[in-house]
Amino acid sequence: MHIVVCIKQVPDSAQIRVHPVTNTIMRQGVPSIVNPYDLFSLEEALRLRDELGGTVTVLTMGPPTASESLRKCLTYGSDRAVLLTDRFFAGSDTLATSFALAQAIRKIGETFGAPDIVFAGKQTIDGDTAQVGPGVAKRLDLLQLTYIQKIVACDPEARTLTVERRAEGGTQTLVTRLPCLVTMLEGVNQVRRGSIHDALRAARAEIVTWSAKDAGIEDVTKCGLRGSPTVVKRVFAPAPRSEKAAAVPVSGKAAADADALIDAILARQPSLEADLTHLAAGI
Ligand code: FAD
């Protein structure tokens, strides 16, 4: 079995600070952790590997510092870690994120063997959209199982996976073909503590680091801000005003200055006086 687990490094707090101008996450000064949902996915992947053999690869797209979260996942027992990092990815929304991750998973398949299962968490605690897992499944044409609370059985020979899915008012038991993508709910297992052996191995492990080009992404306009329609709109501030604002001289006498200011405003917007009179009549 080859299992890929997508993990995201997220700020360790719910107080997400978003840049007032670029609308992108301001990560400086906020400690980072592995997205909690992703640890439950990782535990499920490690359990399957322990039971059936094979390897677990953890993958993240993020800044170079995201390697700390990958190394953390190695201490739990993951076999390999891949960091997808490039300035082209900055400011990605879920569309651009799923595009980049899907391409990286293709490259992982070519390099280390096609994955039988791709795991993602149900959502992240910062972006909170729950869109990336399904987006990756769609782009890789994988069957997707969402809101999964338990992996019941996996039969690599028969190429089937049986899961329990949390549904409205109950639980569904579903069987699907491999390969597939699974998004795991939180709290569905007990995340293990890594062994000393894993901790030592993690400290020395080489993290595979790929740029967009290394991952085989040729069209970088589908990445980052340029590939993110839900962010671009918020980035373009309104066009700067062409004419300069008029200066109104002040005498220092408040009442006279206020009258001068109102006269200047009404001179520029004559309809305003009629509107205000109409409004006042309606109150
Ligand atoms: P989700 O879709 O919630 O994540 C689900 C799972 O996908 C995760 O558990 C993880 O397994 C996997 N995953 C997600 N991101 C990565 C990654 N970078 N590397 C590896 N695996 C990953 N983007 C939008 O498109 N629309 C928005 O409305 C939006 N709002 C945002 C609001 C805030 C406050 C913030 C901080 C970000 C927002 N973003 C939004 C950007 C969004 O965080 C990124 O696109 C992000 O990489 C994926 O979205 P998500 O965090 O919502 O992931």
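Domain bounds here come from an automatic or database domain assignment. For this chain, that assignment gives domain 1 (2-227) and domain 2 (244-283), and the C-alpha centres of domain 1 and domain 2 lie 59 Å apart. Keep in mind that this is a predicted model: local features need pLDDT of at least 70, side-chain atom pairs count only at pLDDT 80 or more, and totals for chains, interfaces and linings use all residues. Residues are numbered from 1 along each chain as its sequence is written, and side-chain values use heavy atoms, with hydrogens and water left out.

**Around the ligand**

- The ligand is surrounded by 28 residues, where being near a molecule takes a heavy atom within 4 Å of it. Cys6, Asp38, Thr124, Thr129 and Gln131 are the closest.
- Sorted by type, the shell has 10 nonpolar, 12 polar and six charged residues. In this scheme Ala, Val, Leu, Ile, Met, Phe, Trp, Tyr, Cys and Pro are nonpolar, Asp, Glu, Lys and Arg are charged, and the others, Gly among them, are polar.
- Strand 4 (55-61), helix 3 (94-112) and strand 6 (117-121) each put at least two residues into that shell. Helices (H or I, at least four residues) and strands (E, at least two) are DSSP runs, numbered from the N terminus.
- Threonine 124 brings a polar side-chain atom to 2.7 Å from a ligand oxygen.

**Salt bridges**

- The whole structure has eight salt bridges, each a side-chain nitrogen of Lys or Arg within 4 Å of a carboxyl oxygen of Asp or Glu.
- Lysine 8 pairs with aspartate 126, with 2.9 Å between the closest N and O atoms. This bridge ties together distant parts of the chain, 118 residues apart: lysine 8 is in the loop between strand 1 (2-6) and strand 2 (9-11), and aspartate 126 is in the loop between strand 6 and helix 4 (132-140).
- Lysine 8 is partly exposed at 26% relative accessibility, while aspartate 126 is buried at 12%. The cut-offs are under 20% relative accessible area for buried, over 50% for exposed and partly exposed in between (1.4 Å probe, protein chains only).
- Aspartate 116 and arginine 159 form another bridge, again with closest N and O atoms 2.9 Å apart. The two residues are 43 residues apart, aspartate 116 in the loop between helix 3 and strand 6 and arginine 159 in the loop between strand 7 (143-155) and strand 8 (160-167).
- Glu43, Arg47, Arg49, Asp50, Asp79 and Arg192 are joined in a salt-bridge network. Within it, arginine 49 and aspartate 50 have their closest N and O atoms 2.9 Å apart; arginine 49 is buried at 14%, whereas aspartate 50 is partly exposed at 46%.

**Glutamine 9**

- Glutamine 9 belongs to strand 2 and is buried, at 7% relative accessibility.
- Its side chain makes a polar contact with the side chain of serine 69 at 3.1 Å. A polar contact is a pair of N or O atoms within 3.5 Å; within protein, one must be able to donate a hydrogen and the other to accept it, and residues adjacent in sequence count only if both atoms are side-chain atoms.
- A polar atom of the glutamine 9 side chain also lies 3.3 Å from the backbone oxygen of threonine 65.
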